[in-house]
Amino acid sequence: MGEQLLIHYENVEICRQEQIVLRDVNMKLYAGEFVYFIGKVGSGKSSLLKTIYGEIPISDGEASVLDYDIKRLKRREIPYLRRKIGVVFQDFQLLTDRSVFENLQFVLKATGWTRKQEIADRIEEVLHQVGMHTKAYKMPHELSGGEQQRIVIARSLLNSPQLILADEPTGNLDPETGRTIVALLHNICHTGTAVIMTTHNHHLVKEFPGRLLKCENRHLHEVEENNE
């Protein structure tokens with residue numbers, strides 16, 4: 001395979017509160033791939049996702065994400081890893097006391113952007129990419145759930161990540177809005193950014209195909225679409 005390997009997990013074990021969540025996790029993810037983590041609530045999808053951006057440590061095995069050794073990741077390295085990864089949360093996590101523009105500006109400034117014009121240009125670019133360029137000066141509460149989620153996706157794109165992690169991004173949205181969000185993530189994937197999305201919505205998986213990795217019985221395994 002000539003593609004760039006972004007994630008490589010070998011025999012990884014993940015624990016929470018001394019309970020094993022997942023064991024013997026083996027996975028590879030290449031640039032530009034779209035992967036779903038599927039499985040029941042509590043099966044370990046979110047925990048697995050959180051190991052990728054250094055939120056939860058791995059307790060055994062070897063893991064590399066974007067050339068960072070996750071097992072030996074130092075606390076001071078975590079912000080640099082996270083700059084290369086866009087994260088989309090189910091509950092948006094927008095700052096409610098400032099406009100869309102200010103939310104995005106806050107992230108850019110926090111990650112080292114200083115020039116006003118470059119910041120404004122980049123914000124305009126990502127808002128265009130998600131179809132929200134007319135909403136820059138709205139407050140989050142003035143937006144629908146779907147619009148807020150588009151802003152969250154725009155936020156995740158600010159630093160041109162190689163990888164986007166979307167944790168149940170349609171969980172708080174009606175089905176039609178959820179579809180538009182997954183379609184948007186697929187479009188982003190076509191530009192070369194890899195996407196991992198956790199979901200238990202089989203309709204979305206069928207409509208917008210990707211690789212399926214299932215968390216089940218404390219293991220992760222690849223499944224064929226028609227077996228689902």
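## Report on the predicted protein chain

Arg218 lies in the loop between strand E9 (211–216) and strand E10 (219–223); helices (H or I, at least four residues) and strands (E, at least two) are DSSP runs, numbered from the N terminus. The model is predicted, so local features need pLDDT of at least 70 and side-chain atom pairs count only at pLDDT 80 or more, while totals for chains, interfaces and linings use all residues. Residues are numbered from 1 along each chain as its sequence is written, and side-chain values use heavy atoms, with hydrogens and water left out.

**Overall form**

The protein chain contains seven helices and ten strands. Its C-alpha trace spans about 45 × 40 × 40 Å along the principal axes. A compact globule of 228 residues would have a radius of gyration near 17 Å, and the value of 17 Å for the protein chain agrees with this. The radius is taken over C-alpha atoms, and the globule rule is 2.2 Å times the number of residues to the power 0.38.

Of the 228 residues, 48% count as buried (buried means under 20% relative accessible area, exposed over 50%, and partly exposed in between, with a 1.4 Å probe and protein chains only). The accessible surface of the chain, found by the Shrake-Rupley method with a 1.4 Å probe, comes to about 11,700 Å², and 46% of this surface belongs to carbon and sulfur atoms. Among contacts (heavy atoms within 4.5 Å) with a separation of 6 or more, 68% join residues 24 or more positions apart.

**Nonpolar cores**

A nonpolar core is a set of buried Ala, Val, Leu, Ile, Met, Phe, Trp, Tyr and Cys residues joined through side-chain atoms within 4.5 Å. The largest such core holds 40 residues, of which Tyr36, Leu127 and Ile153 touch the most other members. Eight elements can be named here, each giving two or more residues to this core: strands E3 (34–38), E7 (163–167) and E8 (194–198), together with helices H3 (100–110), H4 (116–129), H5 (145–157), H6 (175–190) and H7 (202–207). Helix H6 gives the most, with six residues. A second, separate core has 35 residues, including Leu22, Met27, Val35 and Ala63.

Leu127 is in contact with Val100, Leu104, Met132, His133, Ala136, Ile151 and Ala154, when its neighbours within four places in sequence are left aside.

**Individual residues**

The following table gives the relative accessible area of selected residues.

| Residue | Relative accessible area | Class |
|---|---|---|
| Asp24 | 42% | partly exposed |
| Arg218 | 43% | partly exposed |
| Gln105 | 19% | buried |
| His141 | 66% | exposed |

Asp24 is placed in strand E2 (residues 19–30). Its phi angle is near 50°, a positive value in a residue other than glycine. Arg218 also has a positive phi in a residue other than glycine, near 65°.

Gln105 belongs to helix H3. Not counting residues up to four places away in sequence, Gln105 touches Ile119 and Ile123. His141, by contrast, is found in the loop between H4 and H5. The C-alpha atoms of His141 and Thr96 are separated by 7.1 Å, although these residues are 45 residues apart along the chain.
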